[in-house]
Amino acid sequence: MEQWNGNDVIFRGYFFGKGKAPERGSRIKGEAGYSFAEVGETDCFGAVMREGFIDISFDDPAMSKKFLEMAEENQWLCMVLENPDNGHIHTFWRNSRNRITKKSAVDQKLAVGLVADIHGGDTYIPLCVDGVGRFPPKYDIFDGEDYQEVPEELLPVNTKIDLWDLKGGNRNNALSGMAMYLVHNGHFTKEQIRRVLTNTNSFVFADPLGDAELDTILREETFKDLEEVPKLNTLNAAELFRMDIKPVEFIIERLIPVGMVILASPPKYGKSYMCLDMALSVSMGRDFLGFHTHQCRVLYLSLEDRFDRLKQRMNQITGGERFPELLELQIESQTLDSGLIEQLEGFLQEHPDTKLVIIDTFIKICGEAKRNESAYGKDSREAGVIKKFADQHGIAVMLVTHTRKGIDPTDPFVNITGTFGIAGVADDMIVLTKEKRGDLLTKMSVTGRDVQYEEYPLIFDKDRGKWMRQGDSYELAAAKFESDAKWAAYQVGNVRKTILKLLEENGGAWSGFCKAIIDKSKEYGTPIAMTSNKLGIELTAINGFLYRDKIAHTEISKGTAAKKHKFEIIKYRSV
């Protein structure tokens, strides 16, 4: 057998096998495996593909033969391994653009008309079964070349049209039907469709059509419903310099610009209260969180709410004040698939003074993924539809969503639910986070194309249903909250109570060891649950609080012995 040392570009590791599977007890998912040299001398072994590659395998020897002819004619850059026992082949391609989203599927009809099984992810590929090797490759790239992405011919299609081995009168109808299917599929250009069907005619049909018949099927009329790629129209830099461009318009200064905005936080953080307060503030022309608003009509789609709850919360926020005329509310809408944009277009025609639309929540308006569409592609497409609508009408559309738990505690924006397709489209992002869920202080992180990155400290007043900003610096507010919390804990703590009692009983001055303080605390009914060492550390930590409490604390050290602590009431001499 010709010398072959494996393929470390396609395969991330090699594993000992048992028949067509890895040996019992072998864990291949996420494991690095062995080198080819370590397993290559055994009678049974296989390999596991790297992420970003996919295996398209043909179990029909006749289809395998036709595929190889097609690959050579098109000079495709892939690797092919053949099973010498039955002529089945595995073909390996890059799939880094996720053009094939299925990671495990059998008997998949491909665009060119062949039928194949698809394997991706942590798939085990047998390389040698009971001494019979499936290497070296039947077909492979040359040195200096790189493996290509899956060609359009091999993309799975969901159609009942059968093309394999056709001859006679069925060929015209079948090829015309596949042409129309690919035109309306949305993933193929005109030139790609022509190439795919030309390959079908040449290699998949038992008896190819003549050139004239093929040209008739692939005439321009076939592609009339296919959108052509628009010409790239550029703007000269000098012309841009001379243009008088209107500055970015803000609905809420420094916070909500015109465009698509995302507001995200974990569930039950008070996002809906924030949205409602924002809608009320903008429609009434009042400051929101201390930021100036530009009064306008607001549409609030509260799609997880009821009107009775909205009324109760609005009364809570406004303190019973009359609700504004410029706020429009709705608790139901269509999805992006079923006419939401048309609904919004109609609303803006009736209410052209609308400048802010709040959609709470984004998941409620999402549609279904298109065929072979990745999660990233779906998120990017749907968010792009919203952004295009916002830009066309010069309004702000805020999408409310959730965050995932702890993917990256240092960057709140990567924790937004969904893929980066949503964040990549957004003009502005606002994320609410807390160090601990029960904390009073909330961090509002803001970033975007037209806003400066800031972290604002907020607290939520449950009685009023309002968020309130605590200054411009989260770090300063957090430090103050921590200091206030420690001062509050000190004031009610048993250490302070015990020291005050000692000073009261001893004329305003007392000295002794930590053990004596602990013993006295139990006698006073204010027990200190610490060891002497820990109490000594605690007394050092609260030294500033003691002074603030008009108690002077001094440590008296005598060599390596335990430290003695002296406490005195501070008396100020009158002038």
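Setting aside neighbours within four places in sequence, Thr 354 touches Arg 297, Leu 299, Phe 347, Leu 348 and Ile 395. Before going on: this is a predicted model.

So where does Thr 354 sit? In strand E16, residues 354-360. Buried or exposed? Its relative accessibility is 2%, and buried means under 20%, so Thr 354 counts as buried.

Next, helix H14, residues 514-524. Which of its residues are buried? Cys 514, Ile 517, Ile 518, Ser 521 and Tyr 524. Looking down the axis of H14, these buried residues fall within an arc of 125 degrees, so they line one face of the helix. An α-helix has 3.6 residues a turn, so residues three or four places apart point the same way.

Now the other side. The face of H14 turned away from the buried side carries exposed residues: Lys 515, Lys 522 and Glu 523. And what covers the buried residues? The cover includes helix H13 (494-505) and helix H15 (532-541). It also includes strand E22 (509-513) and strand E24 (564-569). Just after H14 comes Gly 525, with a positive phi of about 80 degrees.

That brings me to the backbone. Most residues other than glycine have a negative phi, and most peptide bonds are trans. Here are some exceptions.

Phi to begin with. Asn 98 is not a glycine, yet its phi is positive, about 55 degrees. Asn 98 is in the loop between strand E6 (89-94) and strand E7 (104-109). Its relative accessible area is 27%, so Asn 98 is partly exposed. Lys 550, also not a glycine, has a positive phi of about 65 degrees. Lys 550 lies in the loop between helix H16 (543-548) and strand E23 (551-556). At 45% relative accessibility, Lys 550 counts as partly exposed.

Then the peptide bonds. Which bond is cis with omega about 5 degrees? The one joining Phe 135 and Pro 136. Pro 136 is in the loop between strand E10 (132-133) and helix H3 (170-185). Another cis bond runs from Asp 360 to Thr 361, with omega near 15 degrees. Thr 361 lies in the loop between E16 and helix H10 (375-393). That takes us back to the strand of Thr 354: E16 covers residues 354-360.

Definitions and conventions:
Residues are numbered from 1 along each chain as its sequence is written. This is a predicted model: local features need pLDDT of at least 70, side-chain atom pairs count only at pLDDT 80 or more; totals for chains, interfaces and linings use all residues. Side-chain values use heavy atoms; hydrogens and water are left out. Helices (H or I, at least four residues) and strands (E, at least two) are DSSP runs, numbered from the N terminus. Buried means under 20% relative accessible area, exposed over 50%, partly exposed in between (1.4 Å probe, protein chains only). Contact means heavy atoms within 4.5 Å. The arc is that of the directions from the helix axis to the C-beta atoms.
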